[in-house]
Amino acid sequence: MDDDTPDEGLAEIRSRQLGGWGLVQIAAGTGLAVYAMWVGILQPGFRKVPLRLQVPFIPASKTQVQNVMTLLRGRQGGLVDLGSGDGRIVLEAHRHGFSPAVGYELNPWLVHLARFHAWRAGHHGKVSYRREDLWKVNLTKCKNVTVFLAPSVLSLLQEKLQAELPDDALVVAGRFPLPDWKPCKIEGQGVDRAWAYNMQAQRQKNDDLVATGSHADNDIIKVKPS
């Protein structure tokens, strides 16, 4: 698998020849079009959250959502979306048979927007959007987890996922990969790419690293002072 960096998507955008409509599409797809709404309306919901844990709302594109669903193909049971925004991942997961499909979002404006989208789509009461801090959500029984978060948050989220998720869980990250984990599968290209992570494989990798470190320590020759 090819390594990927957050700068790849930006490089791809710079290399394209864009007309007026192209710029509009890029703005909509990357969330630039909603930045003003974030500053004026959505950001106040995060005033009690440390700055390093704040994530501006950037809606996932249709292609990004489709790539996430492709990586989840064949999976069953419930699904949790951490930082669910306007709820589109949860709604699409429900359409693909995941139940219960639950989104956790701290900002009340986005929670109301997600519920409105569910109602408009005819799925009111079939999906759940909860105003909760994702860092306080108990993930011990979650088998399918999706995240569309900023790199600064993902580096901290890895620890929570590692500590709480069961071995048979699958984590799917969109837009940015988990920085220290190795994906078991990648779907899509550029800014639309998504990464899947198998928790059992991830734990095995960590155990192997610990074991290797222990063997290295045992190989150190200890010399007693004369």
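## Close-up views of a predicted model

**View 1. Arg88 and Asp86 form a salt bridge.** The side chains of Arg88 and Asp86 meet with N and O 2.5 Å apart. A salt bridge here is a side-chain nitrogen of Lys or Arg within 4 Å of a carboxyl oxygen of Asp or Glu. Arg88 counts as partly exposed, because its relative accessibility is 33%. Asp86 counts as buried, because its value is 5%. Buried means under 20% relative accessible area, exposed means over 50%, and partly exposed lies in between (1.4 Å probe, protein chains only). The structure holds 5 salt bridges.

This is a predicted model: local features need pLDDT of at least 70, side-chain atom pairs count only at pLDDT 80 or more, and totals for chains, interfaces and linings use all residues. Residues are numbered from 1 along each chain as its sequence is written, and side-chain values use heavy atoms, with hydrogens and water left out.

View 2. Arg95 is partly exposed, with a relative accessible area of 45%. Helices (H or I, at least four residues) and strands (E, at least two) are DSSP runs, numbered from the N terminus.

View 3. Glu164 is partly exposed, at 23% relative accessible area. Lys160 counts as buried, at 9% relative accessibility.

**View 4. An open sheet has 7 strands.** The strand order is S3-S2-S1-S4-S5-S7-S6, and the pairing is mixed. Strands S3 (128-130) and S6 (185-187) are the edges: each pairs on one side only. From one strand to the next, the twist averages 20°. Axes are lines fitted to C-alpha atoms, for helices over the stretch in contact, and angles run from 0 to 180 degrees between N-to-C directions. Two strands pair if DSSP finds at least two bridges between them. Strands of a sheet pair through backbone hydrogen bonds, either parallel or antiparallel.

**View 5. Strand S1 pairs with S2 and with S4.** S1 spans residues 79-82. Leu79 and Asp81 point one way, Val80 and Leu82 the other, and all are buried. S1 and S2 run parallel, with 4 bridges. Here Asp81 stands opposite Gly103 in S2. S1 and S4 (residues 144-147) also run parallel, joined by 3 bridges. Val80 has Val145 in S4 as its bridge partner.

**View 6. Strand S2 pairs with S3.** S2 covers residues 101-104. The two strands run parallel and share 3 bridges. Val102 stands opposite Ser128 in S3.

**View 7. Three residues form a nonpolar surface patch.** Leu113, Phe116 and Trp119 together have about 310 Å² of accessible area. Patch residues have over 30% relative accessible area and no salt bridge; like charges are joined within 9 Å, nonpolar side chains (Val, Leu, Ile, Met, Phe, Trp, Tyr) within 5 Å. Areas come from the Shrake-Rupley method with a 1.4 Å probe; for residues, only the protein chains shown count as cover. Trp119 lies in helix H6 (residues 108-120). Trp119 is exposed, at 55% relative accessible area.
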